[in-house]
Amino acid sequence: MVLQHICVSDEQVFTVRLISTILICLSLSAKAQTSVYSVHEGDSTTSGDGVNGSNYVFFLKEMAVGNSFPLVFTNIATGGDTISNNVAATDTLTRLTNAPFNSRLIATVYLGLNDISLLYPSTNIATNLLIWTLNVRTSFPAAKILMATIWPRIGDSALKDGIRTNLNSWIRDAAPVDVVLDFATNSALNPQITPGNFVDNVHPNVNGHRIMASNVWDAMQVRGYFDAPPPRTLNAQALFVR
C-alpha cells in the first residue's frame, strides 16, 4: 500500500489548534464550576473566642490552599448564639443561597452549648436542631449536613451534664444528618481531660481549633465530598459516626 502525502494548510493547523484550545478551556471551566462550598454555623466555640481569628474554619481554609479542587469554607458562627432562638437556620440558608454555581453544598452545625447553659431541656434543643436540619434539607436537598456532639464544660452541674448527655445521644442515634462529628468522645477536645487545648473552661485555643479542623477535614475526605481527595491529616482523632 502506498501512503499518499497529505498536505495540511496553515489555516487548517490554526483551526485544529483553536478547537483544541477551546475544548481545554471548556474542560477547565467545568471543573472550576464544580466546587465544595462549606458553611459552618455555631457559637463562640466556632467563631473562635480568644484565638484572634484562628478558628477551625480558618485552618480549613489553610488546608484548602494548594488543592486543585476548589474548596470554599465560610464561618457564619455568632458568639452567644443558641439553636433555640431559631436564627441559625436563616443565616445558613442565606449563605448557601450565595454559593457558586454547581457547588456541592455542605452545612456544618455545632450548636447547643449555650442552650445547655440556659437549662433548655434536651428535647427542646433536639427539636430545634431538627428544624434547622429540615430547613436546610428542604431548600437544598442535595446538601450534605454535618452535626457535632457537644463537649463538656468545666464546672457544669450534674443537671447540665445530663442535658448534654441526652442531647448527644439524640445527635448520634437520631439526628437526620449525613455525618456526626463526635467531638464529645474526642479526648483532645475535652477541657476536663486536655485543658491545654483550651483558653478557658470551654473555648478551644489555637491547637484545639486545629484538631477540630482535622476532624471536619478527615470526615469530608473519607465520605468522598472532594472529587480529587486531598490527603487526610492523620494528626488528630478523626472521630465521626454514621
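The legends below describe close-up views of a predicted model.

Residues are numbered from 1 along each chain as its sequence is written, and side-chain values use heavy atoms, with hydrogens and water left out. Because the model is predicted, local features need pLDDT of at least 70 and side-chain atom pairs count only at pLDDT 80 or more, while totals for chains, interfaces and linings use all residues.

**View 1. Overall arrangement of the protein.** The protein has 8 helices and 6 strands, where helices (H or I, at least four residues) and strands (E, at least two) are DSSP runs numbered from the N terminus. Along the sequence these elements follow the pattern α-β-α-α-β-α-β-α-α-β-α-β-α-β. Of the 242 residues, 46% are buried; buried means under 20% relative accessible area, exposed over 50%, and partly exposed in between (1.4 Å probe, protein chains only). Among contacts (heavy atoms within 4.5 Å) between residues at least 6 apart in sequence, 74% join residues at least 24 apart.

**View 2. Crossing of helices α3 and α8.** Helix α3 covers residues 56-64 and helix α8 residues 206-222; their axes come within 8 Å and cross at roughly 60°. Axes are lines fitted to C-alpha atoms, for helices over the stretch in contact, and angles run from 0 to 180 degrees between N-to-C directions. The crossing of α3 past α8 is right-handed, the term for a near helix turned clockwise from the far one by less than a right angle, with anticlockwise giving left-handed.

**View 3. Residues at the contact of α3 with α8.** From α3, the residues Tyr-56, Phe-59, Leu-60, Glu-62, Met-63 and Ala-64 take part. Their partners in α8 are Val-206, His-209, Arg-210, Met-212, Ala-213, Ser-214, Val-216 and Trp-217. By class, the contact has 10 nonpolar, 2 polar and 2 charged residues. Here Ala, Val, Leu, Ile, Met, Phe, Trp, Tyr, Cys and Pro count as nonpolar, Asp, Glu, Lys and Arg as charged, and the others, Gly among them, as polar.

**View 4. Salt bridge between Arg-137 and Asp-178.** The structure holds 4 salt bridges, each a side-chain nitrogen of Lys or Arg within 4 Å of a carboxyl oxygen of Asp or Glu. In one of them, the closest N and O atoms of Arg-137 and Asp-178 are 3.1 Å apart. Arg-137 lies in helix α6 (residues 122-139) and Asp-178 in the loop between α7 (158-173) and β5 (179-181), so the pair ties together parts that are 41 residues apart in sequence. Arg-137 is partly exposed, with a relative accessible area of 25%.

View 5. Arg-172 pairs with Asp-182, their closest N and O atoms being 3.0 Å apart. Since Arg-172 is in helix α7 and Asp-182 in the loop between β5 and α8, this bridge ties together parts 10 residues apart in sequence. Arg-172 is partly exposed at 24% relative accessibility, whereas Asp-182 is buried at 6%. Arg-153 and Asp-156 also form a salt bridge, at 3.8 Å from N to O. Arg-153 is buried, with a relative accessible area of 16%, and Asp-156 is buried too, at 18%.

View 6. Leu-105 is in strand β3 (residues 104-110) and is buried at 14% relative accessibility. Not counting residues up to four places away in sequence, Leu-105 touches Tyr-37, Leu-96, Ala-99, Phe-140, Ala-143 and Lys-144. Tyr-225 is 120 residues from Leu-105 in sequence, with 9.5 Å between their C-alpha atoms. Thr-74 is in strand β2 (residues 71-75) and is buried at 13%.

View 7. Most residues other than glycine have a negative phi. Asn-52 has a positive phi of about 50°; it is found in the loop between α2 (44-47) and α3 and is exposed at 80% relative accessibility. Leu-119 has a positive phi of about 65°. Leu-119 lies in the loop between α5 (113-117) and α6 and is partly exposed at 44%.
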